[in-house]
Amino acid sequence: MIIDVHTHYVPQGWPELGWPGAPRLRVDSEREAMIVVNDQDFRKVGHECWDPARRLDDMDADGVDRQVVSPTPVFFGYDRPAAQGVRISKIFNDLALDICSDERLIPFCQVPLQDVELAVEELERCKRQGHRGVEIGNHVGDLDLDHFVEFLQHCADIGMPVFVHPWDLPGGPRIERWMAQWIVGMPAETHLSIIAMVLGGVFDRVSRDLRICFAHGGGSFAFWLGRLENAWHRRHDVIGTSEHPPSHYVDRFSVDSVVFDERALRLLVDVFTEDRVMLGSDFPYPLGESPVGQLVRNAGFLSGTARAKILGNNARTFLGEFS
Ligand SMILES: [Zn+2]
């Protein structure tokens, strides 16, 4: 069973979201559309974003059995008033279920994380409706994930896995060229989020049955774990805020495999073990892996068992299929 845990959808249109500049879709043809945000072109998307038949064809071509289908983060709406956030989540979550009517497509919902009570309510509604997990952005304004322990614990309590995706990237002239927001900003955001989980004491407080995965190989965290570990010991007065040194927590979360380079994949397996890396592609976006899974399939250092875990068995654990 080959399972891709990192893919996105965009519905082919949605009701007016209710504020000037709200995300909308300009349909340019049967197969192409433009996501428009603040009345500016944001991202061109194709029909694989909304057409399940096209997705299934692409999966067949790449030998993928199932996809976890998550929201596209530009629609999270965390910066909107809570009531509006609920409405956005409901609109997109219900449309996701239409796209994911085939059992090979596994829907993950979004929640209005700016209001934890309402986020929990929407999470539970979505679980009842058939969503199998939740994708969250890696921060809400200036609040990192250590401010959302209650929500994460609730996910653990009701057995909903969490996929953390970077979004709302830092801007400014130095990072708004060469796609640096995606190339540098996204890995840095995810790095920061994992640090917030560790140093913010989230893993000390949340129960071990929380199943949580970070996108893009966990960003730059694995490469700089040694620096973090050194700082935790040498500047314990400032960052010794977790019960244990950071390396203690690497078995508490998973990362996906979309790192494009066998040396990077090897580092992920070295740091997190073959039990904590899962196939992810970022399908169908251009900075994703295509064909899906080629890095893992071709990585010579992986044993047959390790490859099978990364391509699908770990995802089945993440999705709760063995519990
Ligand atoms: Zn993605």
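I239 sits in helix 8, which covers residues 236–239. Here helices are DSSP runs of H or I with at least four residues, strands are E runs of at least two, and both are numbered from the N terminus. What you have is a predicted model, where local features need pLDDT of at least 70 and side-chain atom pairs count only at pLDDT 80 or more, while totals for chains, interfaces and linings use all residues. Residues are numbered from 1 along each chain as its sequence is written.

**The annotated span**

- An unreviewed UniProt entry lists residues 3–320 as "domain: Amidohydrolase-related"; UniProt positions follow the numbering used here, feature names are shortened, and annotations may be inferred rather than shown by experiment.

**Around I239**

- I239 is partly exposed because it has 16 C-beta neighbours inside 10 Å (20 or more other C-beta atoms within 10 Å means buried, 12 or fewer exposed, in between partly exposed, with C-beta atoms placed from the backbone).
- Setting aside neighbours within four places in sequence, I239 is in contact with L199, A231 and W232 (contact means C-beta atoms, placed from the backbone, within 7 Å).
- L228 is 11 residues away from I239 along the chain, and their C-alpha atoms are separated by 9.2 Å.

**Helix 2 and what covers it**

- Helix 2 takes in residues 82–99, 18 residues in total.
- From first C-alpha to last, helix 2 reaches 26 Å, close to the 26 Å expected at 1.5 Å a residue (the expected span is 1.5 Å times one less than the number of residues).
- The buried residues of helix 2 are G85, V86, I88, S89, F92, N93, L95 and A96.
- As background, an α-helix has 3.6 residues a turn, so residues three or four places apart point the same way.
- Cover for the buried residues of helix 2 includes strand 5 (66–70), strand 6 (105–109) and helix 3 (116–129).

**Helix 3 and its two partners**

- Helix 2 and helix 3 pack at about 15°, and their axes are 11 Å apart (axes are lines fitted to C-alpha atoms, for helices over the stretch in contact, and angles run from 0 to 180 degrees between N-to-C directions).
- That angle is why helix 2 counts as roughly parallel to helix 3 (under 35 degrees is roughly parallel, over 145 roughly antiparallel, 65 to 115 roughly perpendicular, and the rest oblique).
- Helix 2 and helix 3 cross in a right-handed way (right-handed if the near helix is turned clockwise from the far one by less than a right angle, left-handed if anticlockwise).
- On the helix 2 side, the contact uses A82, V86, S89, K90, N93 and L97, while helix 3 brings L118, E122, C126 and Q129.
- Helix 3 also packs with helix 4 (residues 149–158), at an angle of about 20° with the axes 10 Å apart.
- So helix 3 is roughly parallel to helix 4 too.
- The crossing of helix 3 and helix 4 is right-handed.

**A196 and its neighbours**

- A196 is part of helix 5, residues 180–199.
- A196 counts as partly exposed because it has 19 C-beta neighbours inside 10 Å.
- Apart from residues up to four places away in sequence, A196 touches D144, L145 and D146.
- D146 is 50 residues from A196 along the chain, yet their C-alpha atoms are separated by 5.7 Å.

**Backbone spots to look at**

- Most residues other than glycine have a negative phi, and most peptide bonds are trans.
- F283 and P284 are joined by a cis peptide bond, omega about 0°.
- S290 and P291 are joined by a cis peptide bond as well, omega about -5°.
- P284 is in the loop between strand 13 (277–278) and helix 10 (294–298), and P291 is in the loop between strand 13 and helix 10 too.
- Y285 is found in the loop between strand 13 and helix 10, and it is partly exposed because it has 16 C-beta neighbours inside 10 Å.
- Y285 and K44 are 241 residues apart along the chain, with their C-alpha atoms separated by 9.5 Å.
- N38 isn't a glycine but has a positive phi of about 50°; N38 lies in the loop between strand 3 (32–37) and strand 4 (40–46).
- N38 counts as exposed because it has 9 C-beta neighbours inside 10 Å.
- F260, another non-glycine, has a positive phi of about 70° and sits in the loop between strand 12 (254–256) and helix 9 (262–272).
- F260 is partly exposed, with 13 other C-beta atoms within 10 Å.

How values were computed: Contact = placed C-beta atoms within 7 Å.
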